[in-house]
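Have a look at the model below.

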Amino acid sequence: MVFIATERKGSESCPMNALLFVTICFLAGPAGGAGVDLIPQPVSVELGKGFFQIDGGTVITVDSASHEVGALLQRYLADDGEIELALRVDSADSHGDNTIALRVGAQREKVGGYQLDVTPAGIEICAAGREGLFYGCQTLRQLLLQPKAEGGGRSPIGAVPSVAIRDFPRFSWRGLMLDCSRTFQSIDYIKKTIDRMAFYKMNVLHLHLTDDQGWRIEISRYPELTRKGARFPEEWNEPASHQGYYSQKEITALVRYAAERNITIVPEIELPGHCLAALACYPDLSCTGGPFEIFPFFKGPGINEDIYCAGREETFHFLEAVLLEIFELFPSLYIHIGGDEAPKARWIACDRCQERIDREGLEDERALQSYFIKRIEKFVNSKGRLIIGWDEILEGGLAPNAAVMSWRGVGGGIAAARAGQDVVMSPTSHCYFDYTYGRIDTRRAYLFEPIPEELDGDEAKHVLGLQANFWSHIDREPEKVDSQLFPRLLSIAERGWSPREVRDWDAFCRRVKVHGEHLDRMGVRAKPMPIGTWTPRQMSEIYAPLTWDVSAAIGAAGGYCVLFEYTHGAHRLGIEKVALLIDGEIAAIDIHRGVTGARHENNRYSLVVDRHTAGRSYEIRAWVRAEGGVDSSGQVFLFKDG
Ligand SMILES: [Zn+2]
């Protein structure tokens, strides 16, 4: 499977093309009209009347083209809801009632597009190819857990609301970068991540496989890379689970697992910097000759100054041999070559590098970096692949066919798109999920628009999509990585798939709340959504009440915890007391002094809801002040205790 890099072509016969503008229709649903809470929001949703009830007699019908996805759907339904269905191969039109029919070829919409029709008689998913069918199945899985039409609760197991969905992705690159170098991520965790991404129709997993902290992929030609370069010296006492590497056999299986779920794994082999792990194994590839040892990121001086020597031919022989094995393992059209944060101190002091600059008529070390990248690109292109790199690859002249991953803001992406080169937007301002929720909350990620206003229509076509990045030097355990990724990754999933016009934050919040159940089922302990915020405009230096409506967040009796988290501003927040109000009357109160700022003290409040009655108004009221000035901002969270 090769990743489709260019804008997908439609066809004149495509019914999707008839949609002049996006229609998102929530017609009245069955008996009171619940919507369907899908993430990402489809292009068009029309609710019908009633349900299709999956029962023991329901059959998944497939043809030869849809057989593989049908078998996958069969497994999904068994895993999701213990629904065991038979799979039957049928000719295209012979499927009868009580079937879930998967058909290829009826549609001509964008790659990944599909039509899903649910009526009380049966379900039909049509798409032009495997990708679209797969996404139709993901939508069906989400529909199986929709709220009941009347009142709360869930629909009965196997009941799917009648609905007609027309859908296709906005962008071809809906990515996540997982840093496996600074902290090793197990194959098991990567597979879980792939499953979660697939459920939300994301399609690119970029694995950062090499860096100063570790070389994580077996290369047969250079066994030292994983013998020495995948583990820290013992003196660092690092947990075994944070180190290690992937064998080629494991990678082959992982790539296949991802491809079955419409996910392309884009490998990153960093050059010319971030390569201490390689230099520790093969010091002759450096300017100084070493020796070197790797060390944990947070125990070292930051970005390492030792990088590949650009003057030695051996460097290029090594990288080409490594890349040849990478091409064998990863069918991805794009190979990520890093290119970021390469300090030039060693090149300035190196006779070989200076000789290269003279011989090639280069202006300086920045131009030498450009020479380095272009030379690698030429090799990669000669094997039918393309390079993508962090936006530093623009410096000193961009390689001719390279795509740019714009991380230092969107400026690099704008420059590359204007130059006619493809870009993926992943700015630190919105897409870096190793950053705290205080810096980038789910709303900020959600409201990110990958196509900057500066780009005109033709230039905008070069924006392939967007990507969330997770660097693993701070949060290192899978549970913590999960809570850093979720629910923010749902923002990226929707921004990458849904039409530009879908930007209703409140509606998205409501859907994210429903998806808490999906995430639970997938074993994700997501960060809760805040129930509210405070901002300098609301602040004074004497205690005053702030109130947030939590009627939607309190669904049952029991203990609740209210947590205050400062995010930014010069002044901390002091909290005097916090109360729960039911229909405007205080029903519970916790009185103690708490503070949240650079440090937190006693910033949790406990409240008990004795009896929950649907339809009443529930509010949290806190008496707070900013201390030393009013420049204080933060978020308020509500958790169910226990
Ligand atoms: Zn050198």
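Over residues 149-153 the pLDDT stays under 50. The model has ten contacts for this stretch beyond four places in sequence. Keep in mind that the whole model is predicted. Its mean pLDDT is 90, and 91% of the residues reach 70 or more. Residues 1-34 are another stretch with pLDDT below 50. Beyond near neighbours in sequence, residues 1-34 have 67 contacts in the model.

Now turn to the overall layout. The protein is divided into three parts: domain 1 covers 15-167, domain 2 covers 173-521, and domain 3 covers 532-640. Taken over C-alpha atoms, the centres of domain 1 and domain 2 are 35 Å apart.

How do these two domains meet? In domain 1, 15 residues are in contact with 19 residues of domain 2. On the domain 1 side, helix α2 (residues 130-143) gives the most, with five residues. The residues of that side divide into ten nonpolar, two polar and three charged.

Next, look inside. The largest nonpolar core has 151 residues, and I125 and L205 touch the most other members. Domain 1 and domain 2 both give residues to this core, so it lies between them. Which residues does I125 touch, leaving out those up to four places away in sequence? They are L102, Y114, L116, L133, G136, C137 and L140. There is also a second, separate core of 20 residues. Among its members are Y560, A622, A626 and L638.

Technical notes: Residues numbered from 1 in each chain as written. Predicted model: local features only at pLDDT ≥ 70, side-chain atom pairs only at ≥ 80, totals over all residues. Core = buried A, V, L, I, M, F, W, Y, C linked by C-beta atoms within 7 Å. Buried ≥ 20, exposed ≤ 12 C-beta atoms within 10 Å, placed from the backbone. Domains from an automatic or database assignment. Contact = placed C-beta atoms within 7 Å. Helix = DSSP H or I, 4+ residues; strand = E, 2+ residues; numbered from the N terminus. Nonpolar A, V, L, I, M, F, W, Y, C, P; charged D, E, K, R; others polar. pLDDT = per-residue confidence, 0-100.
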